Amino acid sequence: MPGIWILAEHKEGKFKKITYELLSLGKKLKSKNGEELCALLLGSGIENLANQLGPYGADKVYYLEDEVYKSYLNESYTQGISELVKSQDPSILLAGATALGKDLFPRVATRLGTGLAMDCVSIDLGDNGLLKTVRPIYAGKVLMEATVHQTKPQMVTLRPNLVEISPVDSSKKAEVIKSKPDLKREDLRTMLKEILKGESKKIDLTEAKIIVSGGRGMKEKDNFKILEELADAFGEGTAVGASRAAVDSGYAPHDIQVGQTGKVVNPTLYIACGISGSIQHLAGMATSKYIVAINKDPEAPIFQKADYGIVGDLFQVVPLLTREVKKLKSEG
Amino acid sequence: MNIAVCIKQVPDTETKIVLNPDSTDIVTEGIKLVMNPYDEYAVEEALKIKEKYGGKVTILCLGPEKSIEAIRTALAMGADDAVLLNDPAFEGGDSFTTALVLSKALSQIEYDIILTGKQAVDLDCSQVYAGLAEFLNLPYVSVVVGLELFPDQKKALAKRETEGGEKELIEVSLPAVFACQKDLNTPRYASLPGIMKAKKKEIKKLGLAEFCLNLEHVGAKGSKLKKGKYSLPPQRKAGIKIEGEIPEAAAKLVKLLREEAKII
């Protein structure tokens, strides 16, 4: 029986939020085509994790358990997923448009000889059984509809933070099916030598609910700490970003750059501090639900896109915002 | 070390996009086209490897005739050879067909490593490098921000960006495909002599006839992903500028974020 499969992504013994988002989306798709909803996970020592997905909507959980899957490698994961997909023949295969999903799915799709719609912001099932996807292109300056129309499975990666997680049914159990791969460590041509932790423990920009971003107006690297303080005041789910101008001036690392040659983000709130708003930057953050602009220059293009703007010196405004947010939070 | 670099010509990132009348593509007339910014890091890395270990840098590009401009830029930076993969049959292809055709062309040249950008900034698919690796049965590392080679041992150590500022060090046997990310290096500008030399260089052209492929494999027919309509995202309108002295404005903004946006 064909199925709707989602790749369950986990890290350090916990599922990532995208896993629940994909299962919630999967339930919606299932209500239209009636196919079973299956989760797929790979790892080492993951039986306990595999048992947790029933309440979130999985009818079946396939898990590939082996030491070789302890750390993610596109080579080993492609092999394991492709073999399982070939034997079970699902009609849909979904993953998050995360660092892992974006690295892995292109190769799986090529091996399976099927199509992949990358980094989608909308996925729906048409009457013909084909997924109607919408994916931003030109860093979000354009939206493109796309379908995988003649091959199976239809593969899609979904951008995080778009699907509301549906209520959990704790009485629901999934059938859990364990597989062992026919794969040996010594057959692999890649090896993870080391994971280098980032400077801060902040979540990734693409998953953040609130982003406090700094531009050329930050003037120097050390000044980013006032943005960190504001982000901390908001609490969990917050990250600090930067414009290309700030990155190119050496004020911030590239991995937090927002825009066409950086990350395309989709937070609930985007606070742009000292960012004038180039077309490349605006493309990267235009889908933010609310945009706040703080800039000395009242003519800065960012004000044309912002829901709320304050014309003023960010070094004066940001610490005051931090104080006000803290005050409000302490009041509860 | 022989290095193959796959590049693409794309609209400049400053381009203001206009859709064609039937919303199936963007209007390309009159817009500035450049080498995909991520491919510049791939070209620069290739040149650095050549400077260190010797060898040859070959540029491959699938695209319309006009893509020759992007190829000339790479040659002017210092690449040795170039191949343009151009055929009406290739038009309307997706990442799958692009990777397929590029892999056929790569099978005809000698390489120790293949470099590409981590994505093209037009269609943002970030899939071609993986497709190449799959068709050529090679390993790959994506989002590469550091690359160290050990030619004697036929291996490389690549640093790749993952999430939240985290990076992975991956050891990989050569030949392999590396998809380059900003931060890997600083691309050089083409020198004037480089530009003059690049103008005279012959660019090899290959079409469908040179590969063991037929019309069904390539272009729109071979594509696995069918493109539908394009649309422009809804334009955001300017909201309110909060007036008043800064402390009052800050307090008012936080109040709005709580009451209107319900964020805090």
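Good morning. In chain B, helix α2 passes helix α5 in a right-handed crossing. A crossing is called right-handed if the near helix is turned clockwise from the far one by less than a right angle, and left-handed if anticlockwise. The two helices, α2 (residues 68–77) and α5 (residues 192–200), pack at an angle of about 130°, and their axes are 7 Å apart. Axes here are lines fitted to C-alpha atoms, for helices over the stretch in contact, and angles run from 0 to 180 degrees between N-to-C directions. α2(B) and α5(B) are therefore oblique to each other; angles under 35 degrees count as roughly parallel, over 145 as roughly antiparallel, 65 to 115 as roughly perpendicular, and the rest as oblique.

Which residues of α2(B) and α5(B) make the contact? On α2(B) they are B:Arg72, B:Leu75 and B:Ala76, and on α5(B) they are B:Gly194, B:Ile195, B:Ala198 and B:Lys199. Contact means heavy atoms within 4.5 Å. Four of these residues are nonpolar, one is polar and two are charged. In this scheme Ala, Val, Leu, Ile, Met, Phe, Trp, Tyr, Cys and Pro count as nonpolar, Asp, Glu, Lys and Arg as charged, and the others, Gly among them, as polar.

A word on conventions. This is a predicted model, in which local features need pLDDT of at least 70 and side-chain atom pairs count only at pLDDT 80 or more, while totals for chains, interfaces and linings use all residues. Residues are numbered from 1 along each chain as its sequence is written, chains are lettered from A and ligands numbered from 1 in the order in which they are written, and side-chain values use heavy atoms, with hydrogens and water left out.

Let us turn to chain A as a whole. Chain A holds eight helices and 18 strands. Helices (H or I, at least four residues) and strands (E, at least two) are DSSP runs, numbered from the N terminus. The C-alpha trace of chain A spans about 60 × 45 × 40 Å along its principal axes. For 332 residues, a compact globule would have a radius of gyration near 20 Å, and the 22 Å of chain A agrees with this. That radius is taken over C-alpha atoms, and the globule rule is 2.2 Å times the number of residues to the power 0.38. Of the 332 residues of chain A, 61% count as buried. Buried means under 20% relative accessible area, exposed means over 50%, and partly exposed lies in between (1.4 Å probe, protein chains only). Among contacts in chain A between residues at least 6 apart in sequence, 64% join residues at least 24 apart.

Next, two helices and their surroundings. In chain B, six of the eight residues of α4 (residues 128–135) are buried, so this helix is largely enclosed by the rest of the structure. The buried residues are B:Tyr129, B:Ala130, B:Gly131, B:Leu132, B:Ala133 and B:Glu134. What do they pack against? Their partners include α4 (99–112) of chain A, as well as β1 (2–7) and α3 (95–106) of chain B. Just after α4(B), B:Asn137 takes a positive phi of about 55°.

In chain A, helix α5 (residues 224–234) has buried residues that include A:Phe224, A:Ile226 and A:Leu227. Among the elements covering the buried residues of α5(A) are α8 (314–331) of chain A and α7 of chain B. Just after α5(A), A:Gly235 has a positive phi of about 100°.

Finally, some details of the backbone. Most residues other than glycine have a negative phi, and most peptide bonds are trans. A:Glu12, although not a glycine, has a positive phi of about 50°. This residue, A:Glu12, sits in the loop between β2 (10–11) and β3 (14–15) of chain A. Is A:Glu12 buried or exposed? At 68% relative accessibility, A:Glu12 counts as exposed. B:Lys262 also has a positive phi, near 55°, and B:Lys262 is exposed, with a relative accessible area of 64%.

The bond from A:Lys152 to A:Pro153 is cis, with omega near -10°, and A:Pro153 lies in the loop between β10 (142–148) and β11 (154–158) of chain A. Another cis peptide bond joins B:Leu174 and B:Pro175, with omega about 0°. Thank you.
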